[in-house]
Amino acid sequence: MTAYEIIKKKRDGFALDEAEIGFLIDGYVKRSIPDYQAAAFLMAVFFRGMTDTETYLLTKAMIGSGDVIDLSVFGNLSADKHSTGGVGDKTTLVAAPLAAAMGLKIAKMTGRGLGHTGGTVDKLESVPGYRITLSGKEFLRQAGEIGIAVIGASGELVPADKLLYALRDVTATVDSIPLIAASIMSKKLAAGAKNIVLDVKYGSGAFMKTAEDAELLAQKMVALGQRFGRNMAAVISNMDRPLGNTVGNALELQEAVDVLRGKVGGDIRELSLTLAAELYALAAGVPRDEAVQKAEQTLDSGAAYEKMRRWIAAQNGDADALPGLMALYAEPAVTVPCPVTGYIAHMDTEKIGTVSTLLGAGRLTKEDRIDLGAGIRIHKKTGDPVSAGEPLCTLYSKKADIAAAGDAYLSALSFSETAPAPLPLIHKIIR
Ligand code: URA
């Protein structure tokens, strides 16, 4: 077997078998197959696609390239969620303690990542003392005893994805549904949970621009996870405006805490409740309505907030600091006034994400240092009535160029004289 023959077969539109896909992935990870052949293979997949069986075999080969986490000690209760990424998306920080308070076991490894804010780990590091590293034993013990442990990625989960993703990024082969599905699902499956809920976003701040594309990707990933014996659901949610009212690290953690304390409602509460309820419905095998009711009761009773406090304290974080977290940062702030009277017609969510990076809340390269107190507090969102001079948002940053960021924020908004049509939050739920 040679890489040349496999590339040619895919180029000509034929389906590859397990041995061929395994040969390519194994060879690429061991570096016996060079970048140019892997790149040619990826481009052939981009144009020819993959059957569901080929995507399954690719995912299997990618999982086999590294470590896998064994959560079988938790039986049917282990649970995990994944978001395809959105601006202001802090749902993990609400849904994970909420699911744990409903009796599920969350043993989650999560990344830092590049983008408009740090990853969940960076957000958690905004809490003084929070330890993102636990030994394997401590990790499982804490998830068993408290119901939740969240740590930074350790070990080598799916090294094939690291290599392939870097190559896709520079060869215009990222936006291929089988490649995305295999990339996301190989990492989720290697992370070990029995019940997995995906939050697949669409819209101006998302990877998938239309609800139809997001749905197609979600269906493929749900079917893929089921083929590996996992209980799967996907929520298709809108990203045509930021989620919640904050974008940043400490800012988002503080907002998540406010949702858990019952101080904040709106889209972030609704989506987090939906995700936690879907996880519970999968694990407990109960109807969705019953799961939603249980999630609401658990959140409103304060049990999910108490779970978060115990989790943070178990990882050495200062749980008493949670309600006043942003005050610890003493971050310089500037308010951006509204230039007109009318309504916010549209928010270019991706641009708002870029403003957040400009302020120092996110990384452009792996080496960049994040300013954990930086970010945006949004006062008005799409559909809200506004008056000239009224604050639209507050920008937080230690950088001098905060005024330029204000101009960039304004350029992300458009205004109208009449109220725009309401935006849906959840387009569909797929099981
Ligand atoms: N996120 C991933 O992890 N992989 C992709 O291919 C796209 C988004």
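Q: What should I know about the numbering and the cut-offs before I start?
A: Residues are numbered from 1 along each chain as its sequence is written, and side-chain values use heavy atoms, with hydrogens and water left out. As the model is predicted, local features need pLDDT of at least 70 and side-chain atom pairs count only at pLDDT 80 or more, while totals for chains, interfaces and linings use all residues.

Q: In what order do the 4 strands of the open sheet stand?
A: Strands of a sheet pair through backbone hydrogen bonds, either parallel or antiparallel. Here the order is S1-S4-S5-S13, with mixed pairing. Strands are DSSP runs of E with at least two residues, helices are runs of H or I with at least four, and both are numbered from the N terminus; two strands pair if DSSP finds at least two bridges between them. S1 (79–83) and S13 (426–430) are at the edges with a single partner strand each, so one side of each has no neighbour in the sheet.

Q: How many bridges join S5 to S13?
A: There are 4, and S5 (residues 231–238) runs antiparallel to S13. Take Ile236: its bridge partner in S13 is Lys428.

Q: Where are the domains of the protein chain?
A: The bounds come from an automatic or database domain assignment. That assignment gives domain 1 (3–49), domain 2 (72–323) and domain 3 (327–416). Between the centres of domain 1 and domain 2, taken over C-alpha atoms, lie 32 Å.

Q: How many cavities does a search of the whole structure find?
A: Rolling a probe the size of a water molecule over the atoms shows where empty space is left. On a 1 Å grid over the protein atoms alone, a cavity is a set of points where a 1.4 Å probe fits but cannot get out, and lining residues have an atom within 4 Å of a point. Grid points are joined across faces, edges and corners, and a volume is the space filled by probe spheres set on the points. The search turns up 2 cavities of 30 Å³ or more.

Q: Which residues line the largest cavity?
A: Among them are Leu42, Leu58, Met62 and Asp161. The volume of this largest cavity is about 50 Å³, and H8 supplies the largest share of its lining, 3 residues.

Q: What lines the second largest cavity?
A: Its lining includes Asn238, Arg241, Pro242 and Asp267, around a space of about 40 Å³.

How values were computed:
1 Å grid on protein atoms, 1.4 Å probe; cavity = no way out; pocket = protein on both sides within 12 Å on 5 of 7 lines; lining within 4 Å.
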